[in-house]
Amino acid sequence: MFLKAGLMSLTLLVASRLLGLARESALAAAFGTSALADVAVLMVSLPDLLTGLFAAGALSYVLLPHWAGLDARQTAQVQRTVALWLMGAGVALLLAMVVLRAPLAGLLLPGLSEGSAASARTGLVWAALALPAALLAALWSTRLQHERDFTGLYGASLVINAVVIAAIAAVGLAAAGPEAVMLLGAGLVLASVARLIWLRWRLARVHGPAPAGRSPAAGELASGAADGQTPGWPAASVWLWAALAVGLPLALPFAARSIASLQGEGQLATFGYAWKLVELPQVLAIQLVATLALPAISRAQAAGDTAVLAAAVRQALALAFVLGVAAQAALMVAGPALADLLFGWGRITPSALREVGRWASIGSWCLPPMALLAVAAAVLAARRKMAPLVLGWAAALLVLLWAAQAAPDGRRLMALLALLTLAVAVVATVASGALQRGWLPWSALATATLAWSPVLLWSAMGGVAPMGGAGLLGGAIAAAAVLLLSLAGSEDLRAALRR
């Protein structure tokens with residue numbers, strides 16, 4: 001189940017995520033931790049971030065279970081209808097962002113001086129122009145996930161990051177100030193279009209020409225009578241819960257990044273670089289498991305096959321948790337060395353570089369609970385019971401906004417994010433039924449924690465993370481110890497890797 005994506009698609013996934021990290025490294029080299037870096041980081045990340053906040057979760061968690069019961073023609077009809085709705089929403093958001101760019105710049109980058117605010121407003125306009133393409137890309141990516149074309153799915157990230165990096169390089173060589181924002185914005189829009197071209201090509205390869213026939217109207221879908229054959233459309237409440245379930249966890253680091261900006265210019269960029277080190281293993285390992293497991297969990301839930309469902313959930317939890325703990329161990333040991341390797345060149349200052357490493361090491365505590373959350377969310381989506389997850393994340397966001405005002409520095413924000421993520425993970429795991437139904441892979445949880453405990457003890461005793469090659473080697477050894485001991489002690493983990 002977890003390795004059937006094939007060697008090529010897994011290679012593309014790793015390449016795309018590493019290229020995403022290279023994008024942040026290029027931003028650090030070109031802009032350092034200046035006010036312009038804050039603008040560039042926000043502008044480049046905002047279209048996909050807003051798509052994740054408002055749409056991507058609903059598309060994956062609603063359409064994948066819904067499409068599991070449709071034939072190819074019905075699936076294409078639903079896809080066309082959703083595309084029309086997304087384009088309408090994208091244009092409306094574009095216009096709103098352009099009109100409200102001044103107050104939005106003040107809200108998202110509160111630490112900027114008045115002289116830098118003009119560049120922030122320009123950056124928001126370019127981000128708005130890329131938003132409709134990002135929304136449509138999310139829909140087409142969801143269709144590729146449904147068709148299990150993981151090469152196309154992960155290749156899209158490779159395409160957009162490659163074009164954005166080229167734009168950053170051009171900015172670093174040829175522009176500064178307001179001209180840099182204009183050139184980088186144009187590159188962002190071009191990259192968004194290139195990603196759409198890639199996705200459309202992959203969709204044509206997967207299912208050929210679209211089936212003939214008109215798109216069903218919203219009323220027909222709601223009544224389950226599109227051309228007399230299309231099953232009922234998921235209720236609006238299902239879409240809302242799913243969107244919130246994925247959007248709210250993205251809102252937490254997004255809000256924390258803006259809160260960090262209160263400490264002054266460059267702090268948003270510093271927090272963004274540190275969070276990228278946490279986000280990379282989360283996306284590369286944890287979300288990979290959840291992405292590959294969701295179709296299988298959805299099909300088992302739809303078929304009512306409790307044995308297959310239990311095995312899929314248990315194995316996904318085992319693999320995701322072990323990878324999360326291994327990544328945490330690596331970051332706790334090698335965080336500063338990784339920050340130096342990836343961002344220690346160009347215009348970033350040594351003090352900012354040290355902050356990136358320290359903040360990333362603290363943020364690594366988010367990874368194990370993120371592993372539990374990713375799989376629990378897939379189970380709740382398949383069962384269409386997202387309310388507990390949404391309420392947990394909403395409470396976490398309120399606590400973050402309340403507590404962080406008194407302590408907006410990056411280290412405390414990272415620690416607060418880790419505590420809130422753990423609390424929501426407990427809520428989601430209980431709500432998914434994994435605890436009550438015996439789906440938790442206790443052997444994997446225990447062996448991974450045991451293998452990680454020496455790193456925790458070393459850190460608690462005041463161990464200083466080494467720099468350079470020694471730090472990288474230490475992180476690799478810590479991660480390998482977790483993986484090997486867990487593999488030896490967990491049948492669920494071994495079964496996940498065999499399938």
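Modeller: Start with V482. At 0% relative accessibility, V482 counts as buried, because buried means under 20%. Keep in mind that this is a predicted model.

V482 sits in helix α17, which covers residues 468-489. Which residues does V482 touch, leaving out those up to four places away in sequence? They are V322, V325, A326, A329, A448, A451 and W452. S453 is a further reference point. In sequence, V482 and S453 are 29 residues apart. In space, their C-alpha atoms are 9.6 Å apart.

Now take S364. This residue lies in a loop, between α12 (350-363) and α13 (367-383). Is S364 buried or exposed? Its relative accessibility is 0%, so S364 counts as buried. Setting aside neighbours within four places in sequence, S364 is in contact with V278, Q328, L331 and M332.

The axes of α13 and α15 come within 8 Å. They cross at roughly 35°. The crossing of α13 past α15 is left-handed. On the α13 side, the contact uses P369, M370, L372, L373, A376, V379, L380 and R383. On the α15 side, it uses T421, L422, V424, A425, A428, T429, A431 and S432. By residue class, this contact has twelve nonpolar, three polar and one charged.

Helix α15 also packs against α14. Here α14 spans residues 387-403 and α15 spans residues 410-432. Their axes come within 9 Å and cross at roughly 160°. That angle makes α14 roughly antiparallel to α15, because angles over 145 degrees count that way. The crossing of α14 past α15 is right-handed. From α14, the contact draws on P388, L389, G392, W393, A396, V399, L400 and A403. From α15, it draws on L413, L416, L417, L420, T421, V424, V427, A428 and A431. How many charged residues does the contact of α14 with α15 hold? It has no charged residues, with 15 nonpolar and two polar.

T421, V424, A428 and A431 of α15 meet α13. T421, V424, A428 and A431 are also among the α15 residues in the contact with α14.

Helix α3 covers residues 72-99 and helix α5 covers residues 114-146. They pack at an angle of about 165°, with their axes 9 Å apart. Therefore α3 and α5 are roughly antiparallel to each other. Their crossing is right-handed. The residues of this contact divide into 22 nonpolar, four polar and one charged.

Finally, the whole chain. The protein chain has 18 helices and zero strands. It has 499 residues, and 57% of them count as buried. V482 and S364 each count as buried. Take the contacts in the chain with a separation of 6 or more: residues 24 or more positions apart account for 85% of them. The accessible surface of the protein chain comes to about 19,200 Å². Carbon and sulfur atoms hold 70% of that surface.

Terms used:
Residues numbered from 1 in each chain as written. Predicted model: local features only at pLDDT ≥ 70, side-chain atom pairs only at ≥ 80, totals over all residues. Heavy atoms only, no water. Axes fitted to C-alpha atoms, helices over the stretch in contact; angles between N-to-C directions. Helix = DSSP H or I, 4+ residues; strand = E, 2+ residues; numbered from the N terminus. Parallel < 35°, antiparallel > 145°, perpendicular 65-115°, else oblique. Left-handed = near helix turned anticlockwise from the far one by under 90°. Contact = heavy atoms within 4.5 Å. Nonpolar A, V, L, I, M, F, W, Y, C, P; charged D, E, K, R; others polar. Buried < 20%, exposed > 50% of the residue type's maximum accessible area, 1.4 Å probe, protein only. Areas by Shrake-Rupley, 256 points an atom, 1.4 Å probe, with all protein chains shown as cover.
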